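Student: Could we go through this structure together? I would like to begin with contacts.

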Amino acid sequence: RRTVFTSALSSGKGQRMSRRYSCLYPSKKGHHSPSNKKHFTKPWVQTMSCWISLYIPPDSPHFHTALNWLIQEMQCYTPHIALAAPHTLVLNVQASLSLFNGARALAGKLQEHCRMAPVRPVLAMAPTATGAQWLTWQTVTSRRRILQQSQLNRKLNTLPVSVIPQAQPYLGWLHGIACYSVGQLRQLPRA
């Protein structure tokens, strides 16, 4: 709720000027102190980080054309773009969230923009770059936009261990010890 208040200022020559200020203070009594910062910040500002991953399937026709197109077009959303894997772009969009009115709105704009690409990429959003990549590579579920770390951990725990590229050479051994999911892999003792 917006609270509007007027402040009277002196211009130095005895004239008084008034200015109107508009603030996003909640109207509840006791919740307007500056120390209560959770009421000032918007939900997308409170996130630690936000990453978007774009995956182009390797068997796509015109793969290199689509990859170059994506790299050029995604620079209007963020300058922080990396080719994380041979077929995956990772974008750090934390600084762009307030400009595009939040994470979900930004992901929607990106999805709409990607419809013009020569090859339509798979889009995922997560609080970590690795989490965003794993969500684009998985085929278990269509839910690929997760904004909270706790939800991401729960989601990644259900994914098959084969989604991790570094685990590919060891899949036979991992399946031999009944380790089929990322959650089971996380529970293994570490050396």
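Student: Which residues is Leu 54 in contact with, leaving aside its neighbours within four places in sequence?

Tutor: Leu 54 is in contact (heavy atoms within 4.5 Å) with Leu 70, Met 74, His 87, Thr 88, Leu 89, Leu 91, Cys 114, Pro 121, Val 122 and Leu 123. This is a predicted model, in which local features need pLDDT of at least 70, side-chain atom pairs count only at pLDDT 80 or more, and totals for chains, interfaces and linings use all residues. Residues are numbered from 1 along each chain as its sequence is written, and side-chain values use heavy atoms, with hydrogens and water left out.

Student: Which residues touch the most other members of the largest nonpolar core?

Tutor: They are Ile 52, Leu 54, Leu 70, Met 74 and Leu 106, in a core of 25 residues. A nonpolar core is a set of buried Ala, Val, Leu, Ile, Met, Phe, Trp, Tyr and Cys residues joined through side-chain atoms within 4.5 Å. Buried means under 20% relative accessible area, exposed over 50%, and partly exposed in between (1.4 Å probe, protein chains only).

Student: How many residues does the other core have?

Tutor: That separate core has 17 residues, including Ala 132 and Val 182.

Student: New topic: how many aromatic pairs are there?

Tutor: There is one aromatic pair. Tyr 77 and Phe 100 form this tilted pair, 5.3 Å centre to centre with 45° between the planes. Rings of Phe, Tyr and Trp (its six-membered ring) pair if their centres lie within 6.5 Å; planes under 30 degrees apart count as stacked, over 60 as edge-to-face and the rest as tilted.

Student: Is Phe 100 buried or exposed?

Tutor: Phe 100 is buried, at 16% relative accessibility.
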